[in-house]
Amino acid sequence: MKKSRIERIFSRVGAETKINDKVDFAVIYPLIDKSDFSDKIRQEVGCIDEECFVMLCGTELVVDAKRGDKVECRNESYVILSKHMVSIGKIGLYAQCYLKKFVR
């Protein structure tokens, strides 16, 4: 089966990510925008004093995931703060999660 364009992009720019024993590629990046919108997101997801991260991945990776679940990617651990489904143009439905670093 031929991989879709977005799956090829994910595997090129993303990293292997594990959530609830499911492993797939995801893109994780810091929410560094300092706009009012970003501040509103930080307040809503409860990540006010800590750095907030955004994860974009296929919906099947996070279908069973919920707030508080651990995400492992590139030897870093994160905790899911919230999960949303987003539509990426003609490409389809993907999951967007807000994360914070997991502190042991």
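The entries below go from the overall fold to the salt bridges.

**Ground rules.** I am working from a predicted model, where local features need pLDDT of at least 70 and side-chain atom pairs count only at pLDDT 80 or more, while totals for chains, interfaces and linings use all residues. Residues are numbered from 1 along each chain as its sequence is written, and side-chain values use heavy atoms, with hydrogens and water left out.

**Fold.** I found three helices and six strands, taken as DSSP runs numbered from the N terminus (helices H or I, at least four residues; strands E, at least two). Their order along the sequence is α-β-β-α-β-α-β-β-β.

**Burial.** Of the 104 residues, 37% are buried (under 20% relative accessible area; exposed is over 50%, partly exposed in between; 1.4 Å probe, protein chains only).

**Salt bridges.** I searched the whole structure and got seven, each a side-chain nitrogen of Lys or Arg within 4 Å of a carboxyl oxygen of Asp or Glu.

- D64 pairs with K22, closest N and O atoms 3.5 Å apart. D64 sits in the loop between α3 and β4 and K22 in strand β2, so the bridge ties together parts 42 residues apart in sequence. D64 is exposed at 54%; K22 is partly exposed at 28%.
- E76 meets K101 at 3.7 Å, N to O. E76 is in strand β5 and K101 in strand β6, so this pair links parts 25 residues apart in sequence.
- R42 pairs with D39 at 3.8 Å, about one helical turn apart in α2. R42 is buried at 9% relative accessibility, whereas D39 is partly exposed at 35%.
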